[in-house]
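Please look through the sequence and the model shown here before reading the notes that follow. They take up a few charged pairs and one surface patch in turn.

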Amino acid sequence: MYVSVKGGEKAIRAAHRLLAHRRRGDRAVPELAADQIREQLTLAVDRVMNEGSLHDRDLAALAIKQARGDLIEAAFLVRAYRTTLPRFGYSVPLDTGAMGVERRISATYKDLPGGQILGPTFDYTHRLVDFALMGDSDTPLPARDTTEATVAMPRVTDLLDGEGLIEAEPAGEAGVEPGDLTRAPLRVPADRDLRLQQLARGDEGFLLALGYSTQRGYGSTHPFAGEIRIGEVEVEFEVPELGFAVPLGTVTVSECQMINQFAGSAEIEPSFTRGYGLAFGQVERKVMAMALVDRALRTEDLGGAVEHPAQDQEFVLSHADNVQATGFVEHLKLPHHVDFQAELALVRQMRREHAAARAAREADAESVYEEAAE
Amino acid sequence: MNPIDTTARSATTGVGSDPADPTVSARRAVMALAAKATAGELRPVRDLAPSGVIDLRLAETGLVMLRGRIGGSGAPFNLGEATVSRAAVRLPSGATGFGHVLGRDRAKARDAALLDALWIEGTSRDRLEREILTPLAARIARDETRRVSEVAATRVDFFTLVRGDD
C-alpha cells in the first residue's frame, strides 16, 4: 500500500497568504505599527519578552504583530529568533536594590523607609470599560512632585534580615557558576537557581494557577507580599578584552519578595522564609505568582513533605514552559494518518475478538441451560 | 572572530583596566552615556572621526544572559537573555574603542565604539563634550528628573491620627 506523504504545498502557500490577509484585518482600518505595540501594549510586550526569554522590546512588539496578538505564538517566534544569535556572555548580576523605582509597595510595613509608591498601577481603578478610549484620547500629562530629592529605598527583607527574623540569603560561592538551562537540559531535583530561571520564563497563567492553589490550601505557605518593586536597573557586562564591566544600558524589571511562615529547628531559631520572583518589564502578577511557587518548591529543602502539585519540582518545572507545552499539545494536529490506520485496524480486530468471545460465552450458557433442562 | 589585541591598545593609550582607576571610571561614564543614547544622538560622532578607522570587530548582534540574585541579594541565577550589539574600532592614532549597547542596532554599537576610541585618543575631547556628551547627559538628566517627579507624585501620604498629648 502506498501512502501519500507529499502534496499540500499549494494549499500551504495559499493558507499563509490568507493568514497574512486576516492578520491585516479590514484594510479600511490603519495598519498597526510595531512601535505602537511597543509603546501602547507594553504589558503584552513584557509578557512576550519573559516567556520568549529574551529582552528586546522592539522584537517582542514585532512578534506580537506577526502572531496576530497570540502571545504564546509571539513568545515562540522570539525563542526561535534567539537561536540564530551567538552568546556573548553573562551580565554582572542586576542590583535591584539600586533600582530607579517606578513602583514600590509593601503589604507588611505601612511606613517603610522610602515610602509606598503606587506608580502606574491598575489597583484602585474600578475596572469599568472606559469608552473615552474609543476615540483619540486626550490623555492628561502625569502629576509631578518635585519637592522630594531622591529617597533611599532599602529592601524590606533587608530590614528583617538586620534583626535576623528572616532566613539569610547566602551569597553564591566564588567560582561557582549558576546553572543555565539554555545550555544543559533541566533535570529534577534542580537547584534553586535553575528553578528560578525556569519560573522566570514560565507561563504566567500556569504559575498564577499554581500560586493560587497554594493559597487555597494545596500547600499553604502563609505568604505576605513583603515588597514589590518595579523599575529600571543598570545592566553591566564583563568584557574580557577590557578587564572591566561595561554599562549596556538599563532594563525594567519587576521583583517580588514574598515573606512566608516559619522554618527553624532545635538548633536554628524560628524565622520567616522567603519566596522570590524576578522578571522583565512591569509584570507584577507574574512575579507574585513566581514568588509563591518558588517558596512552594522549597518545601523539601525546608524539611517539609511534598504533597501538593505546586511543591512538586517534576510537575511544576516540566510543565511551566508554554513554548514546550504548545509544541507537544499542538503536534497532535499534524498528520497521524498511518498511526491512526493502525489504531483503526487494532480496534476492529478487538471488536471481532470481543464479539467472538461473547458468542462463545452465550453458546456455553445455552448448552448449560439445555443440559439443566434435560 | 579574531581575538582583539589589547596589549597594543594599552601600549598606545596607557589605559589600564582597574575599575577603581579614575581613567577607567571616566571611560565607563562615557560608555554609560552612549548606552543610554538614542541612535540619533550618537550619530554625530561620525563627523568627528578621522578617515582610516579600522573595524577591529565588525558590528554584530548577539545575546548576553542577564543575571539576577536569589532574593535580590543572594547567589546569582540566570534570568533571561537580552539582545546586545557590539563593535570595536581602531583610529589611525592606534586608539582602540569598544561599543556595547542593548538592542539590535549595530550602527549604534559602532558609533559607541567610535565615541570610546575618540575619548581614549583624547585630542578631540572638547568637541566630544560640547557636541555630544554634554547635551546627551543633560537630556538623560532631564528625563530622569521628570520620571522621578512623576513617580514621586504617586507616593502615599498616610494620615496619622495623633492620640492624646505628646
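A residue is called buried when its relative accessible area is under 20%, exposed when this is over 50%, and partly exposed in between, using a 1.4 Å probe and the protein chains only. By that definition Arg87(A) is buried, and so is Glu81(B). This is a predicted model, in which local features need pLDDT of at least 70 and side-chain atom pairs count only at pLDDT 80 or more, while totals for chains, interfaces and linings use all residues. Residues are numbered from 1 along each chain as its sequence is written, chains are lettered from A and ligands numbered from 1 in the order in which they are written, and side-chain values use heavy atoms, with hydrogens and water left out.

**Salt bridges between and within chains**

- Side chains of opposite charge can pair when their charged atoms come close.
- Over all chains the structure holds 45 salt bridges, each being a side-chain nitrogen of Lys or Arg within 4 Å of a carboxyl oxygen of Asp or Glu.
- One of them joins Arg87(A) to Glu81(B), with the closest N and O atoms 2.7 Å apart.
- This pair crosses between chains, from strand β2 (residues 87–90) of chain A, which holds Arg87(A), to strand β2 (residues 76–90) of chain B, which holds Glu81(B); helices (H or I, at least four residues) and strands (E, at least two) are DSSP runs numbered from the N terminus.
- Asp95(A) and Arg155(A) form another salt bridge, at 3.8 Å from N to O.
- That pair links distant parts of the chain, 60 residues apart, since Asp95(A) lies in the loop between β2 and β3 of chain A and Arg155(A) in the loop between β3 and α6 of chain A.
- Asp95(A) counts as partly exposed because its relative accessibility is 44%, whereas Arg155(A) is buried because its relative accessible area is 7%.

**A network of charges**

- Asp161(A), Glu169(A), Arg192(A), Arg274(A) and Asp294(A) are linked in a network of salt bridges.
- Within chain A, the side chains of Arg274(A) and Glu169(A) meet at 3.6 Å, N to O.
- Arg274(A) is buried, with a relative accessible area of 1%, and Glu169(A) also counts as buried, at 13% relative accessibility.

**A nonpolar surface patch**

- Val129(A), Phe131(A) and Met134(A) form a nonpolar patch on the surface, with about 420 Å² of accessible area together, as computed by the Shrake-Rupley method with a 1.4 Å probe, where for residues only the protein chains shown count as cover.
- Patches are made of residues with over 30% relative accessible area and no salt bridge, where like charges are joined within 9 Å and nonpolar side chains (Val, Leu, Ile, Met, Phe, Trp, Tyr) within 5 Å.
- Phe131(A) counts as exposed because its relative accessibility is 62%.
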